[in-house]
Amino acid sequence: MGDSSLALGTSVHKALGGGSVADVLLWRKWRGGAVMLVSATTMWYLFEVAGYNFLTFVANVLLLLIVILFLWAKSASLLNRPLPPIPNMEISERTIGIVADELQIWLNCVLSIAHEITIGRNLKVFLKVALSLWFLSFIGSLFNFLTLVYIGVILILSVPLVYEKYQPHIDEKLSVAHGVFQEQCRKLDETVLSKLPLPSNKEKKMQ
């Protein structure tokens, strides 16, 4: 039983990347998870409940930080104390390359979907995208952006942990739900989508 639990935990950990991020999301590095949760809660409270202006808050924090570092550096030179321990902050070309590659993958995926809808006239893809955008619009009407981000942080700090703990039961329920969903999609395809006029392969090639 213990080996099985370990295997399940390891699979969830690997699915999340198997690095420090996975350790934080699964609360194996509880300090990181706690810092993330407290930071998100503090930011949400300041801007959503207390009503602080984001730009003003950031400007004041940066101003305070600069003043502290400036006075620290001045006093250090006068009192022969060490300077502020500020690391050499710069973004490497490798990091920029990784971000650019990831961005390229996402953009190509979006362009591929747009091509399927506009040129390929794929009705199924169109319906999926339309329903997804409608769902996002509906969620956005219930919460503002900051509250939505805060809810997202709470979910990413809780869902992986719950899933790791109850993976067999959750997988069983998800399998049943997926089967029902696939059956409903099949019925929709047979009763509605298959009867709609779609362009043939010959027409697509002519275009």
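## Helix content and annotated regions

How far apart are the end C-alpha atoms over residues 54-73, and what percentage of this stretch is helix? In this predicted model, residues 54-73 are 100% helix and 0% strand, with the end C-alpha atoms 29 Å apart.

This stretch is one of those that UniProt, in an unreviewed entry, lists under "transmembrane region"; the record gives residues 30-47, 54-73 and 133-163. Over residues 133-163, the chain is 94% helix and 0% strand, and here the end C-alpha atoms lie 27 Å apart.

## Confidence along the chain

The protein chain has a mean pLDDT of 79, with 85% of its residues at 70 or more. Residues 1-9 have pLDDT below 50, and the model gives this stretch four contacts beyond near neighbours in sequence.

Residues 201-207 also stay under 50 in pLDDT. For them, the model has four contacts beyond four places in sequence.

## Where H7 meets H8

Helix H7 covers residues 145-165 and helix H8 covers residues 167-191. Their axes come within 5 Å and cross at roughly 100 degrees; the two helices are therefore roughly perpendicular to each other.

On the H7 side, the contact is made by Val162, Tyr163, Glu164 and Lys165, while H8 brings in Gln167, Ile170 and Asp171.

Side chains of opposite charge can pair when their charged atoms come close. The structure holds one salt bridge, formed by Arg28 and Glu164, whose closest N and O atoms are 2.8 Å apart.

The pair links distant parts of the chain, 136 residues apart. Arg28 sits in the loop between helix H2 (20-25) and helix H3 (30-49), whereas Glu164 belongs to helix H7. Glu164 is also among the H7 residues that make the contact with H8.

Technical notes
Residues are numbered from 1 along each chain as its sequence is written. This is a predicted model: local features need pLDDT of at least 70, side-chain atom pairs count only at pLDDT 80 or more; totals for chains, interfaces and linings use all residues. Side-chain values use heavy atoms; hydrogens and water are left out. pLDDT is the predictor's confidence in each residue, from 0 to 100. Contact means heavy atoms within 4.5 Å. UniProt positions are given in the numbering used here, feature names are shortened, and annotations may be inferred rather than shown by experiment. Helices (H or I, at least four residues) and strands (E, at least two) are DSSP runs, numbered from the N terminus. Axes are lines fitted to C-alpha atoms, for helices over the stretch in contact, and angles run from 0 to 180 degrees between N-to-C directions. Angles under 35 degrees count as roughly parallel, over 145 as roughly antiparallel, 65 to 115 as roughly perpendicular and the rest as oblique. A salt bridge is a side-chain nitrogen of Lys or Arg within 4 Å of a carboxyl oxygen of Asp or Glu.
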